[in-house]
Amino acid sequence: MSDYLVHLIPGSPFSRSVLAALEEKAAPYRVVPVVPGTLRSPHHLSRHPFGRVPALEDGDFRLYETQAILRYLDRVLPEPALTPADARRAARMDQLMNVNDWYLFQGVANIIAFQRIVGPRLMGLTPDEAAIAAAIPKARTVVDELARLLDGQPYFTGETLTLADLMLGPQLDFLQQTPEWEPLTAHHANLRQWLARMQARASFLATTWEKVAARAQAASAA
Ligand SMILES: N[C@@H](CCC(=O)N[C@@H](CS)C(=O)NCC(=O)O)C(=O)O
């Protein structure tokens, strides 16, 4: 089997979901770093016309959009299965993946985590406190709903890890590193425990920002 290529920027939570899926499947892969600032270059746009990461290459097959990549990987690498066989659990997984994209990322993580972590670390920006404050009501709705759906289960759709956990994990891992996490999750011990469970998985330990940055650096030097 040839290596999967994952074009990414270290630190990108969507890219981490893809890497974590490959780790869970014990699949061979290489990271291909996209130089920040070149997302709109003709070269990258030929791979991802919307100028984002991640993008996957599997031989001559190219794919972008994290949900599509995760579902593809789960089909071509069936073990361990990361989609529930049960129709209702699978529907819950799909729902949570969309909650991740439409409500957790858009307007919550892309504001709070960007202002607190990505902007300062990658661009030397000062957090925009007004933008963060404006994102809090939506953040509260999202976090409350995630805690409700998780309920007392170890993973979001039940006893076993699914693609939904792999999408939500990197976004919430970022959010946890901000001062907003503590008040947002004060009454959600289940969500905190779930995040600790995700962070302890080998797939998450292997895909921290630092680990991915080191792999990206080694790839650039090769
Ligand atoms: N819908 C896309 C979202 C990907 C996305 O927003 N990636 C971020 C990094 S985590 C990005 O490329 N941001 C660059 C930009 O917005 O210019 C997916 O699921 O892959």
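Start at the ligand and select Thr 66: an N or O atom in the Thr 66 side chain sits 2.8 Å from an oxygen atom of the ligand. Keep in mind as you look around that this is a predicted model.

A polar atom of the Glu 65 side chain is 2.8 Å from a nitrogen atom of the ligand. Next, pick Val 53, where a polar backbone atom lies 2.8 Å from a ligand nitrogen atom.

In what order do its four strands lie? The order is S2-S1-S3-S4, in an open sheet with mixed pairing. Strand S2 (29–33) and strand S4 (61–64) are the edges, each pairing on one side only. From one strand to the next, the twist averages 20°.

Zoom in on strand S1 (residues 4–8), which runs parallel to S2 and is joined to S2 by five bridges. Select Val 6 and you will find Val 31 of S2 opposite.

Finish with two helices. Helix H1 (residues 13–24) lies across S1 and S2, and runs at about 160° to S1. Helix H10 (residues 209–221) also packs on the sheet, where H10 touches S1 and S2. The direction of H10 makes about 80° with that of S2.

Terms used: Residues numbered from 1 in each chain as written. Predicted model: local features only at pLDDT ≥ 70, side-chain atom pairs only at ≥ 80, totals over all residues. Heavy atoms only, no water. Pairing = 2+ DSSP bridges. Axes fitted to C-alpha atoms, helices over the stretch in contact; angles between N-to-C directions. Contact = heavy atoms within 4.5 Å. Polar contact = N/O pair within 3.5 Å; in protein donor to acceptor, adjacent residues only side chain to side chain.
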